[in-house]
Amino acid sequence: MTPIQSTALVTVAAIVLFTWNRLPVVVVAIGAALALWATGVVTLDQAFAGFGDRAALFVASLFIVSAALERTGITAWAGQYLIAKAGTEGLTRLLVIIMVAAGCLSALISGSGAVAALMPVAVMAAVRLRQSPAQLLMPLAFASHAGANLLLTGAPKNILVSEALEDAGLPGFAFAEFALVGLPLLVGTIAIILLLGKRLLPQQSSARLPADFSRHAQTLVEHYGLSDGVFRLRVRSTSTYVGIPPDEIDVGSAGRLNLMAVQAGETRTPLRAPAVSEGDYLLVRGDAEAIATLAADKHLALREEGTQPGLFSRRSGLAEVVIPPRSALIGRALFPGMVTDSGDLVVLAVQRAGVDVEPGETLLAGDTMLLEGTWEALDLRLDDPDVLVVNSPDLVRRQAVPMGAGAGVTLAVLASLVAMLATGILPPAVAGLICAGALILAGIMTVEQAYRAINWTTVILIAAMMPLSTAMVQSGAAKVVADQLVTLTGGAGPFVFLGGLFVLTASLGQVMSNTATTMLVIPIAMAAAAGLGVSPRPVLMSLCIAGSASFLTPIATATNMMVMGPGGYSFTSYWKLGAPLMLWFFVMAVFYVPLVWRF
């Protein structure tokens, strides 16, 4: 079997297995790389060269930056801010703002990250407007496809086509050069959805809506009967509490106030020092009038943070837990104001069947507790088999505390990454790894969190598909396919060739990852451009647009899959709206691109 035949067989087998969708894509991709080595088409070093490639490293670093933006509440803040600007004046304005936000976020982080950040906000906004979420979620996903073409960081395929130019000895695409086509793509996408979306999308959805934690603190306060409120008061230097042991503090007010905990100023954990110092905090439960009187009399600063003063802030929050059967806590007596054994969480309330448990009663299976502490302590201590967490503190924090701790540092790192990519002062892979490392060194992400943030499927797919691209060029298969494509379309001119290239790429993209599709077609596109005697720049940019035109099936992209359940979409829902959008992408790829990047 000749190298061309072996490459063709492996390529067809990979496409069939990708389409079958029964095996993990990484298994198919790695299997293809190993098959090419086994048949002698590529060497062993070439089969594994992609795992050290700069494109794979850059994409991995972008996942870490994206996770940091989401983890620090920046994407939640951006989404909520935009929804607040939209108001409740109607679906059209909300649609525009949601799609613009999705497009802009997708340009900086992955489309999946943008959809994940905006989807809960879009659903709740739709509910407030008494509209079906189905009218918002597919436009959100499709706008992220268009927005991925705004900047180099928008999608892995952008990096791949730019790198292909560099490998050919030509200048790669500049950081913001994609905006020349990405901006009209996004504008046209928004216009088409506004014009046709209401008629082509389902009017109702029976899908289960995701939880909204934006008012979670108020919900917990009402459920546990903390109607008087829980306030965090900072001890001033002139306060009479300075120098007093924590257990001797008396808040007075004839029973109208209850001191629940004394917390250290720096850590917000229960105070272990022998005496209260300036900057420490008192966690006090009571009515607002009595709290104000106490603050004035004792020279305390009233800090109002979050939905409920003192409960949700950048550093601390609440968590609700259930006592499971066989828990070691069964039979113990816990009461409001008690500090847990770990010393960093405070019990605010204990209930049984919705009724407060009397002080001195022991816990039973099924009892619930409301705990207060720092977000770090809640994440760490509640990963315990003795309690079942009702809602993940980390998930609650990301929605309920926009622009949380570390947001400023993360924004600075993001700005540095954009500046380095825009100026070209450093190679993209180096810039990405420096910024990812800075986030870890700054404590925004731990090494373990950075590992978990990387979508290893995408990274391994990029690395494992590179040998197939190498084999197509090295064996001559790319030239054969390119010659056939040129034979069929080249005689009618480069525009017809671009049309054929778009149809090939977009068709594969409905059943395969657009990253895998792009990597598969890049060597064909480069060889065809050489055969036609035209510049590869418009060809690769057209290929990049075609790789984004994954509108017709839910399995085409991760973003399509993400909105399918919450939106209650069927398989046919996608092609109804996707067909006119694909036509728009075809026009842009075939007729607009050559006007900007000349043949």
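Me: Which residues of helix 2 are buried?
Reply: In this predicted model, helix 2 covers residues 25-38. Buried means under 20% relative accessible area. The residues of helix 2 that count as buried are V26, V28, A29, A32, A33 and L36.

Me: What span does helix 2 reach from its first C-alpha to its last?
Reply: Helix 2 has 14 residues. At 1.5 Å a residue, 20 Å is expected. The span from first to last C-alpha is close to that, at 20 Å.

Me: Which residue just after helix 2 takes a positive phi?
Reply: Helix 2 ends at residue 38. The phi in question is about 80°, and the residue that takes it just after the helix is G40.

Me: Is M369 buried or exposed?
Reply: M369 belongs to strand 8, residues 368-374. Its relative accessibility is 3%. Buried means under 20%, so M369 counts as buried.

Me: How many Å apart in space are M369 and V347, C-alpha to C-alpha?
Reply: In sequence, M369 and V347 are 22 residues apart. M369 also touches residues beyond four places away in sequence, among them A349, V350 and L363. The C-alpha to C-alpha separation of M369 and V347 is 7.1 Å.

Note on methods
Residues numbered from 1 in each chain as written. Predicted model: local features only at pLDDT ≥ 70, side-chain atom pairs only at ≥ 80, totals over all residues. Heavy atoms only, no water. Helix = DSSP H or I, 4+ residues; strand = E, 2+ residues; numbered from the N terminus. Buried < 20%, exposed > 50% of the residue type's maximum accessible area, 1.4 Å probe, protein only. Contact = heavy atoms within 4.5 Å. Expected span 1.5 Å × (residues − 1).
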